[in-house]
Amino acid sequence: MASGGIGNLTHVAGELFQAMTGVKMLHVPYRGGAPAMTDLLGGQVQVYFSTISESIEHIRAGRLRALAVATPTRSQVLPDVPTLGESVPGYEASGWQGIGAPKNTPTDIIDKLNKDINACIAAPQTEGHD
């Protein structure tokens with residue numbers, strides 16, 4: 001089981017899966033998601049609890065098979081992929097990303113960032129925003 005590093009979401013998601021199912025997997029920590037994904041695609045590891053943004057293009061290109069999503073509901077961008085909770089009741093391992101700025105950042109800059117970030121999130125071509 002690859003992870004993007006000890007203690008990150010991809011590692012913890014795999015550990016939670018093992019704890020809830022009794023499945024035993026050898027943890028192989030990488031220095032980030034890119035090398036973990038490379039070895040998954042190359043067959044050096046058999047499973048990786050990756051993020052949708054990291055894996056979606058590989059899934060769409062047929063290089064990777066999505067078995068499940070770890071969110072409580074199915075993904076809007078992968079609606080045919082079941083949730084892990086459908087097979088392992090109660091399983092959920094989702095995360096979020098945040099954007100911050102120093103506390104003394106001028107209001108006009110914060111307003112511009114807010115406007116531009118919200119426009120990006122609302123854009124139909126934004127992947128994995130569910």
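Trainee: Which residue forms a salt bridge with E57?

Mentor: R60 does. The closest N and O atoms of R60 and E57 are 3.7 Å apart. Keep in mind that this is a predicted model.

Trainee: Where do R60 and E57 sit, and how far apart are they along the helix?

Mentor: Both are in helix α3, three residues apart. That puts about one helical turn between them.

Trainee: How many salt bridges does the count come to?

Mentor: Three. Another one joins D116 and K112, with N and O 2.7 Å apart. D116 and K112 are four residues apart in helix α4, so about one helical turn separates them. D116 is partly exposed, with a relative accessible area of 37%. K112 is exposed, at 51%. The cut-off for exposed is over 50%.

Trainee: And R74, which side chain does that one meet?

Mentor: R74 meets E86 in a salt bridge, 2.9 Å from N to O. This pair links distant parts of the chain, twelve residues apart. R74 and E86 both lie in the loop between α3 and α4. R74 is partly exposed, at 37% relative accessibility. E86 is also partly exposed, at 44%.

Trainee: Let me step back. How many helices and strands does the chain have?

Mentor: Four helices and two strands. From the N terminus on, the order is β-α-β-α-α-α.

Trainee: What does the C-alpha trace span?

Mentor: About 50 × 30 × 30 Å along its principal axes.

Trainee: What share of the residues counts as buried?

Mentor: 31% of the 130 residues.

Trainee: What about contacts between residues 24 or more positions apart?

Mentor: They make up 45% of the chain's contacts with a separation of 6 or more.

Trainee: Back to α3. Which of its residues are buried?

Mentor: S55, I56, H58 and I59. Helix α3 runs over residues 52-60. What covers its buried residues includes α2, residues 33-41.

Trainee: What follows α3?

Mentor: G62 comes after α3, and its phi is positive, near 80°.

Trainee: Now the core. Which residues touch the most other members of the largest nonpolar core?

Mentor: A2, L40, Y48 and L78. That core has 14 residues. α2 gives the most, with three residues.

Trainee: Why would nonpolar residues gather like that?

Mentor: In soluble globular proteins, nonpolar side chains tend to be buried together.

Trainee: Zoom in on A2. What does it touch?

Mentor: Leaving out residues up to four places away in sequence, A2 touches V28, Y30, A36, V45, V47, Y48 and F49.

Trainee: What is in the second core?

Mentor: Nine residues, including A13, V88, Y91 and A93. This core is separate.

Trainee: One more spot. Is H11 buried or exposed?

Mentor: H11 counts as buried, at 12% relative accessibility. It is in helix α1. Beyond residues up to four places away in sequence, H11 touches M1, S3, G5, I6 and H27.

Trainee: And D111, where is that?

Mentor: D111 is in helix α4. It is partly exposed, with a relative accessible area of 47%.

Trainee: How far is D111 from S94?

Mentor: They are 17 residues apart in sequence. In space they are 28 Å apart, C-alpha to C-alpha.

Technical notes: Residues numbered from 1 in each chain as written. Predicted model: local features only at pLDDT ≥ 70, side-chain atom pairs only at ≥ 80, totals over all residues. Heavy atoms only, no water. Buried < 20%, exposed > 50% of the residue type's maximum accessible area, 1.4 Å probe, protein only. Contact = heavy atoms within 4.5 Å. Core = buried A, V, L, I, M, F, W, Y, C linked by side-chain atoms within 4.5 Å. Salt bridge = Lys/Arg side-chain N within 4 Å of Asp/Glu carboxyl O.
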